Amino acid sequence: MSESEQYSRNELMDFIEYRPLDIEICDVTLRDGEQTPGVVFTKEQKLAMASELDSMGVEVIEAGFPVVSANEKETVKEIANQGFNSRICCLSRAVKGDVDAALECDVDIVSIFIAMSDMHLKYKYHRSLEEMLGCAKETIEYATDHGLKVRFAAEDASRTPIDRLKKAFKEVENEYKVQYLSLADTIGILNPTTTHYLVSEIFKEVNTSICIHCHDDLGMATANTLAAAEAGAKQLHTTVNAIGERAGNASLEEVMVALRVQYGIDRYDTTKLTSLSRMVSEYSGITPPVNKAVVGQNAFTHESGIHVAAILEEPRTYELFLPEMVGGKRNLVVGKHTGTKALKGIINSIGFCLEREELCALIDKVKVCTEEKHKSISRDQLERLITQVRQESKTTEKGEEKFSI
Ligand SMILES: CC(=O)SCCNC(=O)CCNC(=O)[C@H](O)C(C)(C)COP(=O)(O)OP(=O)(O)OC[C@H]1O[C@@H](n2cnc3c(N)ncnc32)[C@H](O)[C@@H]1OP(=O)(O)O
Ligand SMILES: O=C(O)CCC(=O)C(=O)O
């Protein structure tokens, strides 16, 4: 199936000026995703998720934060030694002991983070900017001296004065060999416009690849991540099902599908998104809302008569992309909003054929039932109603019979 048969391209993109995207995905489900309160993945679960992410073509997997526990360290090490194509990254404070733990794990990249916002310096570290940046530099030097590739991450970057960020990034870039400079919207304060501004300003200043790490406190994490990519960010951080601290992170499934339908980036195997979402849902104990984009139970479920009638002819009338593109399934539901054309198509698809009058009688019964029970009709219930309608049409002289489902 060609790309255009699988989704509708957003043609308005042709009128928008933006920097051509040069991106990679770093999925942080195993680290920030596991920071979701109450979530604890086993080693086997982390290995299984990492294996799926690798097979989809995700370039970087943030496997964990080794100093958190002995088991965490062992898990990160095992993931790093799987021989995945994805590069494996882990988190580290600006503390040499954290880098030692990363070294024991054989990771490709260590992400050394500090916050430089007044809020975090004053209330979290109780230390000056100079002291914290000094710790970060020493730790970066230690990591690079020991052969690790380094991402220097500015936690709470979105509340850090932009000139302070620029100065710190330039110093680090000039003094050490770092692979990435990361901007974290730790409390999810940004919107797409301010994300674009922040990334553009940093992009003008530095030569190192920029990462963007967005949280969803205002429901804008995916939009902000894409705005960052348009402004020049290279590495986009995501989690499956958008899990993560508080309201979660930018969702892998949304970012990956948006990259494809908005920007034509089709190198990731999006057909695994639904099964990966189910896997993460089972392992984390967190089911995405039914109306969650891409992987929610309703993402390809339709009831309205006008929609279903059109979908039966051409699904793209009411679907931005086909369920097959993300490994999902279309579900046509019979309910209060079902119309005659839709009902005919649905019952034909399950092997029934009714006369016009019978169909009208069936629609009436469907509407009464769904309004009485305040829910849609199951396949079994539908078949029972069809049987009733057929019996009634054969015995009309006996008068109306009461139906029940
Ligand atoms: C935005 C983010 O997502 S950051 C990552 C958040 N993730 C986690 O916190 C993972 C789970 N955390 C843990 O298991 C533990 O907190 C550990 C193992 C990391 C540390 O545990 P502890 O040694 O008991 O320290 P504790 O959690 O009490 O305090 C954190 C210490 O790290 C310091 N710290 C925090 N961030 C940094 C940093 N980036 N660089 C250097 N030090 C830091 C704090 O100032 C504090 O130092 P203090 O003990 O001198 O006051
Ligand atoms: O920027 C990063 O790589 C991580 C920082 C982070 O997890 C956060 O600030 O929420």
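Strand β3 (residues 87-93) is largely enclosed by the rest of the structure, because five of its seven residues are buried. Keep in mind that this is a predicted model. β3 pairs in the parallel sense with β2 and also runs parallel to β4. A ligand comes into the picture too, with 16 residues surrounding ligand 1.

**β3 and β2**
- If you want a spot to look at, G64 stands opposite C90 in β3.
- To get from β2 to β3, the chain goes through helix α3 (residues 70-80), and this β-α-β crossover is right-handed.

**β3 and β4**
- β3 and β4 run parallel and are joined by five bridges.
- Here, L91 has S111 in β4 as its bridge partner.
- Helix α4 (residues 96-104) sits in the β-α-β unit with β3 and β4, and that unit is right-handed.

**Around ligand 1**
- Of the 16 residues that surround ligand 1, the closest are V68, R93, A94, I114 and Y125.
- What classes of residue make up the shell around ligand 1? There are nine nonpolar, five charged and two polar residues.

Note on methods:
Residues numbered from 1 in each chain as written. Chains lettered and ligands numbered in written order. Predicted model: local features only at pLDDT ≥ 70, side-chain atom pairs only at ≥ 80, totals over all residues. Near = placed C-beta within 6 Å. Nonpolar A, V, L, I, M, F, W, Y, C, P; charged D, E, K, R; others polar. Buried ≥ 20, exposed ≤ 12 C-beta atoms within 10 Å, placed from the backbone. Helix = DSSP H or I, 4+ residues; strand = E, 2+ residues; numbered from the N terminus. Pairing = 2+ DSSP bridges. Right-handed = clockwise from strand over helix to strand, strands pointing away.
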